[in-house]
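Please look through the model below before reading the points.

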Amino acid sequence: MGKAVEKRTRNPELTRARILEVAFMEIFVNGFQAASVNNILDKTNLTKGAFFHHFPTKQDLGYALVDETLREMVLDRWIRPLEDYENPLEGIIVNLRKIIDSTEEKHLALGCPLNNLVQEMSPIDPIFKKKLAEVLEVWVGGIEKYLKKAQVRGYLNKESNPRRLAEFIVMNHEGAFGMTKSTCDRKVFRSLHASLKDYLQTLTPN
């Protein structure tokens, strides 16, 4: 254990990445305000001095988590996979189903980490609010870009507004996580997925 701590101490980037990794789960499970820096220290085997060298305050940790971890998570989960599909509408439908099926049972009751922070921190912290809005824009804007491609390729009718549809899709995803968080029932998730699939199929040109 001592060697692992020493290695991380000598590698600031590795130390910082490890703090963000552990902090993500601590905040996902407990919420930002209830999250414990001491728990993070215990799981990273770091001193408070090492922790605060990277993140002078708990708030700084939260901001970095949004800017780096959540932003990359949105891109990796919702946007980058769409590049593999000729028809982005198909990609959106298939990708959501994959995420539904791969979500661990213990995480169903935790909801969406991005939406959790939006609900908890946006009303009370303007910096959090701004940063979370920027991540949401990455998500909506990324979906919008692929919907425009779907239109150009003939998979989405010309009457559809890509921006509004992208906002609707993100709302559907966040609502699905919210309802599943309340019910802890994967069937609710799948039902909402089926409804989105049915709707998107009505937007395909005949």
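**Notes on the model**

1. The count comes to 17 salt bridges, a salt bridge being a side-chain nitrogen of Lys or Arg within 4 Å of a carboxyl oxygen of Asp or Glu. This is a predicted model, in which local features need pLDDT of at least 70 and side-chain atom pairs count only at pLDDT 80 or more, while totals for chains, interfaces and linings use all residues. Residues are numbered from 1 along each chain as its sequence is written, and side-chain values use heavy atoms, with hydrogens and water left out.

2. Asp-67 pairs with Lys-131 in a salt bridge, with 2.8 Å between the closest N and O atoms. Asp-67 belongs to helix α5 and Lys-131 to helix α8 (residues 126–153), so the pair ties together parts 64 residues apart in sequence. Helices here are DSSP runs (H or I, at least four residues), numbered from the N terminus.

3. Within helix α8, Lys-130 and Glu-134 are four residues apart, about one turn of the helix. Their side chains form a salt bridge at 2.6 Å, N to O.

4. A network of salt bridges links Glu-137, Glu-144, Lys-148, Arg-163 and Glu-167.

5. Mean pLDDT (the predictor's confidence in each residue, from 0 to 100) is 93 for the protein chain, and 95% of its residues reach 70 or more. Over residues 1–9, pLDDT stays under 50. Where pLDDT is low, the predicted coordinates should not be read in detail.

Key
Contact means heavy atoms within 4.5 Å. Helices (H or I, at least four residues) and strands (E, at least two) are DSSP runs, numbered from the N terminus.
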